[in-house]
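Open the model in your viewer and keep the selection panel at hand. The tour has two stops.

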2 protein chains.
Amino acid sequence: MGASDRKHVVIIGGGFGGLWAAKALRRARVRVTLLDRRNHHLFQPLLYQVATATLDPSDIAAPIRSILRNQHNLQVLLGEARSIDVARKAVTMQDDSELAYDYLVVATGATHSYFGKDHWARFAPGLKSLEDALEIRRRVLIAYEAAEAEPDPERRRPWLNFVIIGAGPTGVELAGALSEIARHSLRADFRRIDPADARVILVEGQDRVLPTFPPEQSARAHKQLERLGVEVRLKTRVTDIDAGGVALGDQRIEAGTVLWAAGVAASPLARTLGVPLDRAGRVQVQSSLAIPGRDDVFVIGDLAALEVDGKPVPGVSAAAMQEGEHVARTIKRAIEGRGDALHKFHYFNRGTFATIGRGAAVGDFLGRLQVSGFLAWLAWLGIHIFFLIGFRARLFVMFSWAYSYLSHRRGVRLITGTQLLPERRPALPEQPKEPAQPAPAEPAPPPN
Amino acid sequence: MGASDRKHVVIIGGGFGGLWAAKALRRARVRVTLLDRRNHHLFQPLLYQVATATLDPSDIAAPIRSILRNQHNLQVLLGEARSIDVARKAVTMQDDSELAYDYLVVATGATHSYFGKDHWARFAPGLKSLEDALEIRRRVLIAYEAAEAEPDPERRRPWLNFVIIGAGPTGVELAGALSEIARHSLRADFRRIDPADARVILVEGQDRVLPTFPPEQSARAHKQLERLGVEVRLKTRVTDIDAGGVALGDQRIEAGTVLWAAGVAASPLARTLGVPLDRAGRVQVQSSLAIPGRDDVFVIGDLAALEVDGKPVPGVSAAAMQEGEHVARTIKRAIEGRGDALHKFHYFNRGTFATIGRGAAVGDFLGRLQVSGFLAWLAWLGIHIFFLIGFRARLFVMFSWAYSYLSHRRGVRLITGTQLLPERRPALPEQPKEPAQPAPAEPAPPPN
C-alpha cells in the first residue's frame, strides 16, 4: 500500500494533546498532517518561569518540526485553521485553502477569558503564549524601573504593587515567583527604592487558593504563600480593572502591574464544529472523545469537556497527553476496519503539583499521597525536567534553575518589545485609601 | 566630602563605551548616573547568533543594573535622552524632565542607515537590537515554512533566496550562518523542500568582502564563503528593495528574505550638541575625545569620529572600551583640579576578527599576525567567551555553542512576534530572469 493510498489524519494543534496523538501514530499506516499556527510546541507548565525572568523562551519551546523530524509518515504545516466542515471532511485555512481529512483530531486548547470584560485584557495580560510571558516580564521589570525613576513617593508606591487575579496553579506560581523577585533577586540593584517593599496581592473569588486541589493542599499552599509575603485575598471579586489598578467591590488597589490568571475560554474553532458546547465554549465530547454523531472527528485536551467516573477530566497536560494517545489508538483500530473502534477514555491521574516560590510546592501522587514543602518542590523539578522536550531544553533548564537557586538571581531580566520605557501613570484618583482589612465581597465566577 | 558635594558625571548609553567609562569611575569621588533607554547591555558582536537561532537573547544581554549593582557611587536610570544643552549643562529626557551634570559622556552609538531610502527598512531589516535579531530570526524561519507550504514551484523558489546587503563583518557572519542553517540545521525537518536548495547571496558595493580588513584577509574570507556555498557579488549596487526582492541595477533577485548589513548612521542625539558632525552624523571630537570648545563633554564609541596617527579609530567594541576608560581617567584628573586633564587618546588595536560559519574565521592579532580557518575560529570563540559579561552568559553561550557544534542543530528556532504566519508573496513580476553571470554595477556608498 503506497503512501498516497493511506488515510489522512489531520491534527490541529501541537500542544500536549496534538503532539502525543501524532507520536502515537508513528507506526500507523496513515499520512499525518500536524497543523499549528505556531512553529513551536510550548511546555506551558513552565511558562510562568519565562514571565518571571528565570527561563528563556527556548528553554521551554521547541520547533514542532524538529521534535517530529524522524516521523516519516507525518508532515508539519504552519498555518491557522479557520473552520471545520465535518460533512465535507475539510478544514479551511487562514488563506482559504482547504485541507481534506479522513480523521480529524482537534486539539487547539484554550485562551484567556475575561468573563465578557475583554477591555480588561489591555490592563491585565494573561499567560498562554511566549509573547504573553515576555509581555508580563516586561511589565514587571518596567514597574521597578518606573518606581526607581519616580521622585514623588505618592506616585512611586503603586508601581510596587503587583496584583494577580486568580489563585489557580498559574496565579499561585506567579505570586510566589514575584515575591521571590522582590525579596531576593533585585535586592541590591536599586538606589532609591527597596524592592522588598513591593506588595504581591493574590485575589481569588472562591474561599481557598488552588480551588481544584484537595482542601488540605490549599491550606498548605496558603501558609507557604503567606510565608513568602504574598497577601492572599479570598472570596474577593474583581469589579473593574483600568490603567491605574483594580477595583475589588468598593475598595481599590492602585497597582502598576495587574496580571490575569482567572479564567480560560475554549478556542473559537470549536464553534465551527456545529456540536453542543459547554459554558466555557468547550466541546461536549462522547466518552470516546469523538464528537456527537461522528466517529471521524475527535476533540482532546483543554478544548474537550468530559466527565470520567463522575469527575471532570482536568485541564492539565497529563490529561491531554493521555487523550492524544487514546484517539491515536482509536484511529488505528478504525483503519484496521474494526467495527468496535470507539473505546471509552479512562483518565489516569498520576498527580498534580503547584510550586510556590523557591523550595516550596504542594502536590499529590496518584491523587492519594500528598506532599508539600521542599520535597514536593524537588519532585516538581524532577517531573518537569523529565517531561521537557529535547535534550538541550532539559540541560538548559537544569542549569538555569541551578543558577537561580544558588545565586538568588534571575538570569533573564530583559525588557524587550516595543514599549521599552514606563508610561506615565494616570493621576491618582481622589478617593479614600483601601482599608487595611478588606471586607469580603461576593465570589467571582469560578475559574475554569 | 559627602556624596551630595561630589561632582555629577552623567553617562548616556550602556554599550561598551558607556559601561567601561562607568566601571573606570568606580573608585572616583564622583556621583555617576548611567542613562540608557534599554535595561540591558548588549554584547553586539554575537547579535547575529541570536538572529540565526543559535543563542538566546539572555545569552548576550545582561541588565545594566545587575552588572553595576556593587558600584555604590553609581545609579542606573532607564530613560531616553532627547537633547543636550551644553551651555546649561543639562540633558533633557523623554518626559521633559532634566538631568544636570558636571561632566557628560555621550556614548549612544549608531543605528542603521539606508542611505536616505528609509522605506527599505520594512523590507530589509538591519541588526542592531535584540528586537532586530528576533525579527530577522522570525523572517528566516518563516521563509522555510512558507516554502514548505507553497505547492507552486515557481512561487516557492523565492522563499529560499536569502539576500544580504553589505559584506562587512555582520554581513559575512550572517551569510555564513544562513548557509549553515540551509545545509545542516534544517536538513531533515522538511518534506516538500530541501533546505539545501536555498541560495544565500551576499551583495557588496566595494571590490572585496570585509573591506575594512587587510586585503589578504578579504581573499581568505571570500574563499571560505564560497566553500560554504554563499554567492558573493562584489561591486554590485542595490538600486531598489521591495516586498518581492531586490534590484541590483538592471537585474532583479526575487527573495523572501532580504537583510541589511550595509550602513550605519550616528545616533541623532549628536545633532543637539551643536558641534560639527561628519557625513555619517558622528561627532568630530578633539584628540582628547572632548567636543570642540568644551572640556566637560565627551563623545565615545561609534558616535565619535576620530583619527589617531592618521587612521580612523574603527567602530568596534575594543575601541569603545578604550575610549570609555580614557574619558574616565580624564574626568578623574579634572576633579583633582589638575590643569592638564585633557590627554590625547591612543588606540591600541588588539586585533580584529570575523567568523564565517562553522569552524572558519579570519582575523589578526595586534594588526600584524594574521590567522584564518579553524584556529582563527577557536581564537574567536575564546575571545568572545572571555569578554562576555557575567558568569551565566559565559556558561550558557559555551553550552549553546557546544550543542550547536556537536549536533549541527540550532537550539533557538522559535518564531515569535506578531506576524507568525507567512504573508502571501506578491505576484512575480513579468520580466526576464536574472542572468547567470551578473554584470558588475557601480559601487555602493561605502558602509560606515
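Two strands pair if DSSP finds at least two bridges between them. Strands (E, at least two residues) and helices (H or I, at least four) are DSSP runs, numbered from the N terminus. This is a predicted model: local features need pLDDT of at least 70, side-chain atom pairs count only at pLDDT 80 or more, and totals for chains, interfaces and linings use all residues. Residues are numbered from 1 along each chain as its sequence is written, with chains lettered from A and ligands numbered from 1 in the order in which they are written.

**Stop one: the sheet in chain B**

Select the open sheet of four strands, ordered β13-β12-β11-β17, in chain B. Its pairing is parallel. The edges are β13 (230-233) and β17 (257-260) of chain B, each pairing on one side only.

Which residue of β13(B) is the bridge partner of V200(B)? Select V230(B).

Contact means C-beta atoms, placed from the backbone, within 7 Å.

**Stop two: a helix pair in chain A**

Select α1 (16-24) and α8 (317-335) of chain A. Their axes come within 7 Å and cross at roughly 35°. Contact residues include F16(A) and W20(A) of α1(A), and M321(A) and R329(A) of α8(A).

Notes: Axes fitted to C-alpha atoms, helices over the stretch in contact; angles between N-to-C directions. Contact = placed C-beta atoms within 7 Å.
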